[in-house]
Amino acid sequence: MKAIVHTAGASPAEALQAVERAVPTLRANEVLVRVKAAALSAGDTAGFARDERGRAPLAARFAGLIGRGTVPGGELAGIVEAVGADVAHLHPGDEVLACTGTSGAWAECVAVDARLACRKPARLSFEQAAALPVGGITALGAVRKAGVEAGQRVLVYGSSGGVGLFAVQCAKAAGAHVTGVCSTRNLEAARMAGAERVIDYTKEDFAQAEGRYNVIIGANGCNPLGVYRRLLAAGGTYVAVGDAKQGMAGLAGPVRSLGSSKRLTWFAFPFAPQASLLAEVTALAAAGAVTPFVEAVYPLSAAADAVAHVARHHAQGKTVLVNDFSRP
């Protein structure tokens, strides 16, 4: 089978190459899925980040080093071709969405832990379904960690990205009143996701907005913890989501929370109870409460172009790869 492999090289065009790989051998708890579509997540593009001078930050160099030799892609949708001996809930021919964790999805076929594969909701295309697992798990996990309840006021900073749009929808599904913060070109996407109010951070300082929030989810933190703390109502919770920078905020959060009823914490996909959250967010998608937003679609053979697109643009929803290596 063909797969995209991260080889040596500084740019996506140099590093991401199509190679021949053996079809994975199934373990008893796995399913073999013929990939129809796979999505890009932050981990897939981290190794290609550059600063304003064109230099790779330390985190990008590390990501590029550990990614070398692997098949990128942590989320996909496709059709089950075979199941392991211990798998009873899925069968060949089933349409599924699945999470591989960190790698493997940018290929014609991938072996997936059956616990991390769910039947694809009929209302979703393969492209939409592929965009659901990582962002959906992360967003729903943050909403659950914050304890969002009906009637609460929730602010989502970075409300138009791959996680932010899901966070708006998951908070809305919980009955919250959601305010989104994003840039001008993304305002309508945040509104369509369910934000009752949207703040354009290029024209308005969200930190000066009236009112306080029961929950703030920083899908793209980009601000000092003190800003979020001031915006929280008494007893409120701020959840930083995602990367290493956000993780440092999460580590500092408990210290900054001392002597206050306000809680500052962190949530990241690798530490999530992925199977249960995936099942829950898939059920929300099946019910129509959550819909993945796909900004751009590229053929899998042009994965390098897709990564370059994400690097050039402020993400709105997800970018998806369609498998053009396999038969229809």
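Colleague: Hi! Which residues touch the most other members in the largest nonpolar core?

Modeller: Hi! In this predicted model, those are Val31, Leu76, Trp106, Val112 and Leu321, out of the 86 residues in that core.

Colleague: Let me pick on Val112. What is Val112 in contact with, leaving aside neighbours within four places in sequence?

Modeller: Val112 contacts Asn29, Glu30, Val31, Val33, Leu76, Ala98, Cys99 and Thr100. Val31 and Leu76 are also on that list of core residues touching the most other members.

Colleague: Which residues does the second, separate core include?

Modeller: That core has 16 residues, including Phe206, Ala209, Ile216 and Ala240.

Colleague: Where does Ala209 lie?

Modeller: Ala209 sits in the loop that runs between β10 (197–200) and β11 (213–218).

Colleague: Switching to Gly236: which strand is Gly236 found in?

Modeller: Gly236 belongs to strand β12 (residues 232–241). At 1% relative accessibility, Gly236 is buried. Not counting residues up to four places away in sequence, Gly236 touches Asn214, Ser261, Lys262 and Arg263.

Colleague: Now helices. At what angle do the axes of α5 and α10 cross?

Modeller: Roughly 100 degrees, and the axes of α5 (residues 133–146) and α10 (residues 274–286) come within 9 Å. That makes α5 roughly perpendicular to α10, because angles of 65 to 115 degrees count as such.

Colleague: Which residues in α5 and α10 meet?

Modeller: From α5 they are Pro133, Gly136, Ile137, Leu140, Gly141 and Arg144, and from α10 they are Gln274, Leu277, Leu278, Glu280, Val281 and Leu284. By class, that contact has seven nonpolar, three polar and two charged residues.

Colleague: Last one, the whole protein: how many helices and strands are there?

Modeller: The protein has 11 helices and 15 strands. Of its 328 residues, 53% are buried. For contacts between residues at least 6 apart in sequence, 68% join residues at least 24 apart.

Conventions: Residues numbered from 1 in each chain as written. Predicted model: local features only at pLDDT ≥ 70, side-chain atom pairs only at ≥ 80, totals over all residues. Heavy atoms only, no water. Axes fitted to C-alpha atoms, helices over the stretch in contact; angles between N-to-C directions. Helix = DSSP H or I, 4+ residues; strand = E, 2+ residues; numbered from the N terminus. Parallel < 35°, antiparallel > 145°, perpendicular 65-115°, else oblique. Contact = heavy atoms within 4.5 Å. Nonpolar A, V, L, I, M, F, W, Y, C, P; charged D, E, K, R; others polar. Core = buried A, V, L, I, M, F, W, Y, C linked by side-chain atoms within 4.5 Å. Buried < 20%, exposed > 50% of the residue type's maximum accessible area, 1.4 Å probe, protein only.
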